[in-house]
Each structure stands twice: as structure tokens, then as C-alpha cells.
Amino acid sequence: MSKRDYYEVLGIDKNASADEIKKAYRKLARKYHPDVSKDPDAEEKFKEVKEAYETLNDPNKKAHYDQFGHTDPNQGFGGGAGADFGGFSDIFDMFFGGGGSRQNPNAPRQGADLQYSMTLSFEEAAFGKETDIFIPKEETCLTCGGDGAKPGTKPETCPHCRGTGQLSVEQNTPFGRIVNRRVCHHCQGTGKLVKDKCRTCHGNGKVKKQKKIHIKVPAGIDEGQQIRLAGQGEPGENGGPPGDLYVVFTVRPHEFFERDGDDIYCEVPLTFAQAALGDEIEVPTLHGKVKLKIPAGTQSGTKFRLRDKGIKNVRGFGQGDQHVNVRVVTPRKLTDKQKQLLREFADLSGENLDEQHENFFSKMKKAFKGD
């Protein structure tokens with residue numbers, strides 16, 4: 001009898017995620033487990049489900065199966081009549097709350113990473129800064145050296161699990177040997193017992209402290225970016241390396257400048273006379289005031305670029321520019337003298353203000369009448 005497709009066995013499609021594969025397996029394994037199911041073919045169905053899961057849950061085996069299917073000579077399922085069903089321990093752990101982990105509890109493990117949020121001013125983000133921060137973190141207890149034992153004593157190997165951190169209970173069934181593994185409750189999975197606890201850390205091996213860390217914020221850092229400080233996270237376990245510290249940045253907005261990447265933007269007001277006659281004005285930049293020449297006849301909305309007056313690229317790839325947008329400001333209050341001069345200017349320019357006013361309203365009337 002030919003084997004069924006593994007995806008069909010688990011009732012999933014080929015695009016199923018790892019979590020979907022595991023979820024389907026758990027559901028079917030519970031349904032067809034020989035100790036639970038009343039289905040006469042439960043044992044065979046259970047083996048089929050387990051075989052499909054062991055293949056699709058392994059990225060390498062899954063890729064191999066997707067390419068060759070059951071015809072691939074390297075694709076197969078170990079086991080058969082009389083096989084040692086030691087793998088049943090995973091199922092019993094899943095169903096009945098076993099530990100599940102078979103790692104050496106005394107093996108070195110890396111410490112956890114930490115994250116710190118820092119708020120910067122616009123200028124601090126542009127030019128960088130150096131500062132000290134204080135973070136609460138666990139550190140190895142200096143009194144006991146991290147083993148949790150009172151100075152002069154040492155932790156003992158747990159006699160219940162013999163240092164493995166797990167307790168095993170074996171049971172022979174008609175379907176094979178079932179091994180149920182659980183975390184040793186005597187040593188909490190560490191494989192060691194501390195009889196005389198350190199008075200400083202109370203047997204934990206770690207103490208909470210406020211750690212001062214010197215931070216160098218690179219010039220050009222932007223909103224949402226982060227830097228990693230290697231080894232400044234939580235301490236490792238059993239001699240393992242410490243984790244890292246990630247500093248994530250928030251940048252306060254500026255009242256005059258706006259940032260887009262390494263470029264900055266600003267708006268500068270011009271009087272009518274400056275725009276019409278031209279002028280040389282002072283423009284604020286992050287690097288100090290610079291002079292900007294305004295050509296005669298400049299229109300509102302004209303943009304000028306000040307090269308290399310932006311922000312230094314955080315990775316060292318050059319410097320941004322500053323873009324200046326000029327806005328011609330129309331005066332709200334005019335003296336009689338100013339009004340008279342503007343009318344004279346309009347006459348000299350050939351502008352008939354009354355005629356333009358009449359033409360405007362004439363066009364409006366036609367638009368509303370639909371002519």
C-alpha cells in the first residue's frame with residue numbers, strides 16, 4: 001500500500017507555517033494515541049501522523065520531501081515492529097506536562113538581552129553625544145561567584161536526577177517502551193542543590209544592581225534606530241556569555257527644521273521687496289548662520305539648496321544638504337503712503353486693478369450661470 005502525502009496526513013497545505021504543522025500534529029496525535037483512542041487502527045494512524053510530523057517539522061527533511069516526495073531514497077521513516085518508542089516521551093510531555101527539554105542543565109547559556117529607550121534633541125541626534133545611563137540589571141554575585149553557595153561551600157550534584165535536571169519514568173506497553181521525562185522538582189532542573197545558600201544573593205547566584213553604562217551616540221542617528229552594546233545585557237548561566245544591550249532612540253522635533261534622511265528642510269519668509277528686488281539674507285543652519293543670495297524676481301515656493309549643511313550620515317557615507325523654501329509674505333496692514341506707492345507701482349507695471357477686479361467677478365458669474 002502506497003504512503004499518503006504527508007500534508008494530506010496532517011490535513012494542511014504546503015504553505016503551512018511551523019506553528020500550523022505543530023498544531024495539526026498535536027491534534028491528531030491526541031486523537032490517535034493508542035492509550036487514548038478507541039479506533040482499531042489507532043496505532044497505524046498514530047505512526048503515520050508521527051512520521052509526517054517528523055519530516056515536515058524538520059526544515060531539511062521538509063525541503064527534501066517537497067522536492068522528491070516518497071520516491072527519494074534518502075527519505076524514509078526509521079522504526080517498525082519491535083522499535084524503541086522512546087519518542088513517545090515527547091508526546092507524553094506534551095499531553096501530561098513533562099519538561100520536554102533534554103538539554104544539559106549545566107551547559108553554558110547566554111544571558112538575556114536588554115533594551116533601553118533614550119530621547120534625544122534634534123541637535124543631539126545630528127551631532128551625537130556621550131552620556132551615562134543607569135539600568136537595573138542582574139549581575140553575578142561577587143560573594144559566591146555566581147554558584148549561589150555560601151563561601152567555602154559548593155553546590156552538590158542533585159542525587160535525585162544525578163545532575164541531569166530531569167526525572168525519567170519508564171513504562172513498557174504493548175506498543176513499545178514509553179519514557180516520560182519531567183523536570184526534577186528537587187533541583188528545579190539545574191542538576192545541583194545548594195544546601196548552604198549565599199547570604200548576599202540567597203542562593204540565586206545573581207543580585208540586582210543599578211549599572212552605570214557610558215553611551216556614545218553616533219552622529220546622524222535617527223528616530224527608531226538603535227545601537228547594540230555587546231556584553232552589557234544580563235549575565236550568562238553556568239559560565240555562558242552575557243547578553244547585549246540595545247539602546248533605541250526617539251528624537252524630539254525641532255521648531256524650525258524638519259528631517260528627511262540626512263537632509264533637513266526649513267522655510268524662510270521674504271518680504272515683497274526682497275523677492276522683487278533680490279537680497280542677501282542670513283539663514284540658520286545646524287552649523288551656524290550662512291548667507292543666501294536671493295535673485296530678483298524670486299517667486300514664493302522657490303527652493304534653494306545649501307550643500308553639506310544637512311546631517312552627517314550615521315554610517316559615514318557623506319553629509320546631507322539643507323533645503324530652504326522661501327515664502328513671500330504679504331503685509332496685512334499698510335499705511336496710506338504704502339498703499340499709494342503700490343497703486344503707483346501697479347500703474348507703472350500696466351496693471352489696472354479695477355479692470356482685473358471686474359474681469360474676475362465677470363468670470364465668476366459666468367461660471368455659476370453655466371455659460
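1. Start with helix H3. Its buried residues (buried means under 20% relative accessible area, exposed over 50%, partly exposed in between, with a 1.4 Å probe and protein chains only) are Ala42, Phe46, Lys47, Val49, Lys50, Glu51, Ala52, Tyr53, Thr55 and Leu56. An α-helix has 3.6 residues a turn, so residues three or four places apart point the same way.

2. A word on the source. This is a predicted model, where local features need pLDDT of at least 70, side-chain atom pairs count only at pLDDT 80 or more, and totals for chains, interfaces and linings use all residues. Residues are numbered from 1 along each chain as its sequence is written, and side-chain values use heavy atoms, leaving out hydrogens and water.

3. Next, the span of H3. Residues 42–56 make up this helix, 15 residues in total. From first C-alpha to last, H3 reaches 21 Å, close to the 21 Å expected at 1.5 Å a residue. The expected span is 1.5 Å times one less than the number of residues.

4. Now a sheet. Three strands form an open sheet in the order S1-S9-S8, with mixed pairing. Strands are DSSP runs (E, at least two residues; helices are H or I, at least four), numbered from the N terminus. Two strands pair if DSSP finds at least two bridges between them. S1 (114–120) and S8 (226–229) are the edge strands; each has a single partner, so one side of each lacks a neighbour in the sheet.

5. S1 and S9 (residues 245–251) run parallel, joined by seven bridges. Glutamine 115 stands opposite tyrosine 246 in S9.

6. Last, strand S14 (residues 303–306). Four bridges join S14 to the antiparallel strand S15 (residues 322–328). Leucine 306 has glutamine 322 as its bridge partner in S15.
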